[in-house]
Amino acid sequence: MTHIEVDESRCDGFGFCEQAAPDVFGLDDDGLVTVRLPRIPDELTDKAEAATRACPVAALRVVR
Ligand code: SF4
């Protein structure tokens, strides 16, 4: 099943991922990305992929 890989060393906390897919991504107390769902349901996959493209530092990857 689909999930998200995060390269936490790259995240700079812009929050574009959360804006693009708030059901999938959030920001922690330090303003860095957290993934809300361990598995991405089919209906959120397109949004999750759009969010990975929105990340300016390429910290996110959708893995199928
Ligand atoms: S868009 Fe990229 S850099 Fe910004 S919070 Fe999300 S993962 Fe981090």
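Colleague: Where is alanine 48?
Modeller: Alanine 48 is in helix 2. Keep in mind that this is a predicted model.

Colleague: Is alanine 48 buried or exposed?
Modeller: Alanine 48 counts as buried, because its relative accessibility is 0% and the cut-off for buried is under 20%.

Colleague: How far apart are the C-alpha atoms of alanine 48 and glutamine 19?
Modeller: They are separated by 11 Å, and the two residues are 29 apart along the chain.

Colleague: Switching to charges. How many salt bridges does the structure hold?
Modeller: There are 3 salt bridges. One of them joins the side chains of arginine 61 and glutamate 5, at 2.9 Å from N to O. Arginine 61 belongs to strand 4 and glutamate 5 to strand 1, so this pair links distant parts of the chain, 56 residues apart.

Colleague: And how exposed are arginine 61 and glutamate 5?
Modeller: Arginine 61 is partly exposed at 47% relative accessible area, and glutamate 5 is partly exposed at 36%.

Colleague: Which residue does glutamate 18 meet in a salt bridge?
Modeller: Glutamate 18 meets arginine 36, at 3.4 Å from N to O. Glutamate 18 sits in helix 1 and arginine 36 in the loop between strand 3 (33-35) and helix 2, so the bridge ties together parts 18 residues apart in sequence.

Colleague: What about arginine 64?
Modeller: Its side chain forms a salt bridge with that of glutamate 49, at 2.9 Å from N to O. Arginine 64 lies in the segment after strand 4 and glutamate 49 in helix 2, so parts 15 residues apart in sequence are tied together. Arginine 64 is exposed, with a relative accessible area of 65%, whereas glutamate 49 is partly exposed at 22%.

Colleague: Which residues form the negative surface patch?
Modeller: Asp7, Glu8, Asp28, Asp29 and Asp30 form it. Aspartate 7 is in the loop between strand 1 (3-6) and helix 1 (16-20), and is partly exposed with a relative accessible area of 32%.

Colleague: New topic, aromatics. How many aromatic pairs are there?
Modeller: The count is 1 aromatic pair. The rings of phenylalanine 14 and phenylalanine 16 have centres 5.9 Å apart and planes at 5 degrees, so the pair is stacked. Phenylalanine 14 is partly exposed at 46% relative accessible area, and phenylalanine 16 is partly exposed at 37%.

Colleague: Last one: what is the phi of alanine 58?
Modeller: It is positive, about 55 degrees, although alanine 58 is not a glycine. Most residues other than glycine have a negative phi. Alanine 58 lies in the loop between helix 2 (42-54) and strand 4 (60-63).

Note on methods:
Residues numbered from 1 in each chain as written. Predicted model: local features only at pLDDT ≥ 70, side-chain atom pairs only at ≥ 80, totals over all residues. Heavy atoms only, no water. Patch = residues over 30% accessible without salt bridge, like charges linked within 9 Å, V, L, I, M, F, W, Y side chains within 5 Å. Areas by Shrake-Rupley, 256 points an atom, 1.4 Å probe, with all protein chains shown as cover. Salt bridge = Lys/Arg side-chain N within 4 Å of Asp/Glu carboxyl O. Lys, Arg positive; Asp, Glu negative; His and termini not counted. Charge placed at Lys NZ, Arg CZ, Asp CG, Glu CD. Helix = DSSP H or I, 4+ residues; strand = E, 2+ residues; numbered from the N terminus. Buried < 20%, exposed > 50% of the residue type's maximum accessible area, 1.4 Å probe, protein only. Phe/Tyr/Trp six-rings, centres within 6.5 Å; stacked < 30°, edge-to-face > 60°.
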